[in-house]
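Trainee: I am new to this structure and would like a close look at a single part. Please take it slowly.

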Amino acid sequence: MSRLKIVAIVYVVKTLLFGIAWLMVPDLPQRAMTKARATWTAVSGRP
């Protein structure tokens, strides 16, 4: 199998998984952003 075909298959599977997760957990992007901000604040040392 060519590398391009493998990359395409992995991309499609990843996209489907993210799509399913998005449908099952509608506020997933907001949760991810909240967690990213909390982590960034903890790493940067700001109160």
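Of the 22 residues of helix α1, how many are buried?

Mentor: This is a predicted model, in which local features need pLDDT of at least 70 and side-chain atom pairs count only at pLDDT 80 or more, while totals for chains, interfaces and linings use all residues. Residues are numbered from 1 along each chain as its sequence is written, and side-chain values use heavy atoms, with hydrogens and water left out.

The number buried among the 22 residues of α1 is zero, so the helix lies largely in the open. Buried means under 20% relative accessible area, exposed means over 50%, and partly exposed is in between (1.4 Å probe, protein chains only). Helices are DSSP runs of H or I with at least four residues, numbered from the N terminus.

Helix α1 covers residues 3–24, and Ile9 lies in it. With a relative accessible area of 42%, Ile9 is partly exposed. Phe18 also has its place in α1; at 55% relative accessible area, Phe18 is exposed.

Next, the length. The expected span of a helix is 1.5 Å times one less than its number of residues. For α1 that gives 32 Å, and the end C-alpha atoms are 32 Å apart, which agrees.

Helix α2 takes in residues 28–44. After α2 comes Gly45, with a positive phi near 85°.

Note on methods:
Helices (H or I, at least four residues) and strands (E, at least two) are DSSP runs, numbered from the N terminus.
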